[in-house]
Amino acid sequence: MKRVGFVNKKYSVGLKKGYETDRGRVYIAHGKPDEIMQDQYDGDIRPNEIWRYHSIEGGVIFVFCDVNGSSNFRLIHSCLLYTSDAADDLLCVDLGGRRI
């Protein structure tokens, strides 16, 4: 539950709690990334973050993008084997009987 408290402080956006965001779900499931690379808005490129985990499946990345400028970074790519193209179907985490 320590991770949930952290993500609620760090990744909450508007009325959406941190554990409801894509970055929050990934953080709860996998912990702190080994590396985070950030790019800010620059012309045609939206703000994005690339999270790297070296110890998962020999190294995986999660790419998040602030697509609509709301600071709600959405998962747009991952090379983790069990992820799908639908970010909403990604990572269901059980929080005491609740699935997020």
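**Helix packing and the sheet**

Reply: In this predicted model, helix α1 (residues 2-11) packs with α2 at an angle of about 155°, and their axes are 10 Å apart.

Me: Is α1 roughly parallel or roughly antiparallel to α2?
Reply: The angle between α1 and α2 is about 155°. Angles over 145 degrees count as roughly antiparallel. Therefore α1 is, relative to α2, roughly antiparallel.

Me: How many nonpolar residues does the contact of α1 with α2 have?
Reply: On the α1 side the contact is made by R3, V4, F6, V7 and Y11, and on the α2 side by R23, G24, Y27, I28, A29 and H30. By class, two of the contact residues are polar and two are charged, while the number of nonpolar ones is seven.

Me: Is A29 buried, partly exposed or exposed?
Reply: A29 lies in helix α2 (residues 22-30), and its C-alpha atom is separated by 9.0 Å from that of R3, 26 residues apart along the chain. The relative accessible area of A29 is 34%. Buried means under 20% and exposed means over 50%. A29 is therefore partly exposed.

Me: How many of the nine residues of α2 are buried?
Reply: The buried residues of α2 are D22, R23, G24, R25, V26, Y27, I28 and H30. They pack against α1, β2, β3 and β4. Helix α2 is largely enclosed by the rest of the structure, because the number of buried residues among its nine is eight.

Me: Which are the edge strands of the open sheet?
Reply: Four strands form the open sheet, with antiparallel pairing, in the order β1-β2-β3-β4. Neighbouring strands are turned against each other by 20° on average, direction ignored. An edge strand pairs on one side only, and here these are β1 (35-39) and β4 (74-78).

Me: What angle does the direction of α2 make with that of β2?
Reply: Helix α2 packs on the sheet and touches β2, β3 and β4. Its direction and that of β2 make an angle of about 10°.

Me: Which residue in the turn between β2 and β3 has a positive phi?
Reply: Strand β2 (residues 48-53) pairs with β3 (residues 60-65) in the antiparallel sense over six bridges, and I50 has V63 as its bridge partner in β3. The two strands form a hairpin with six residues between them. In the turn, the residue with a positive phi, about 50°, is E57.

Me: Which residue in β4 is the bridge partner of C65?
Reply: Strand β3 is mostly covered, with five of its six residues buried. It runs antiparallel to β4, and four bridges join the two. In β4, the bridge partner of C65 is R74.

Notes
Residues are numbered from 1 along each chain as its sequence is written. This is a predicted model: local features need pLDDT of at least 70, side-chain atom pairs count only at pLDDT 80 or more; totals for chains, interfaces and linings use all residues. Side-chain values use heavy atoms; hydrogens and water are left out. Buried means under 20% relative accessible area, exposed over 50%, partly exposed in between (1.4 Å probe, protein chains only). Axes are lines fitted to C-alpha atoms, for helices over the stretch in contact, and angles run from 0 to 180 degrees between N-to-C directions. Angles under 35 degrees count as roughly parallel, over 145 as roughly antiparallel, 65 to 115 as roughly perpendicular and the rest as oblique. Contact means heavy atoms within 4.5 Å. Ala, Val, Leu, Ile, Met, Phe, Trp, Tyr, Cys and Pro count as nonpolar, Asp, Glu, Lys and Arg as charged, and the others, Gly among them, as polar. Two strands pair if DSSP finds at least two bridges between them.
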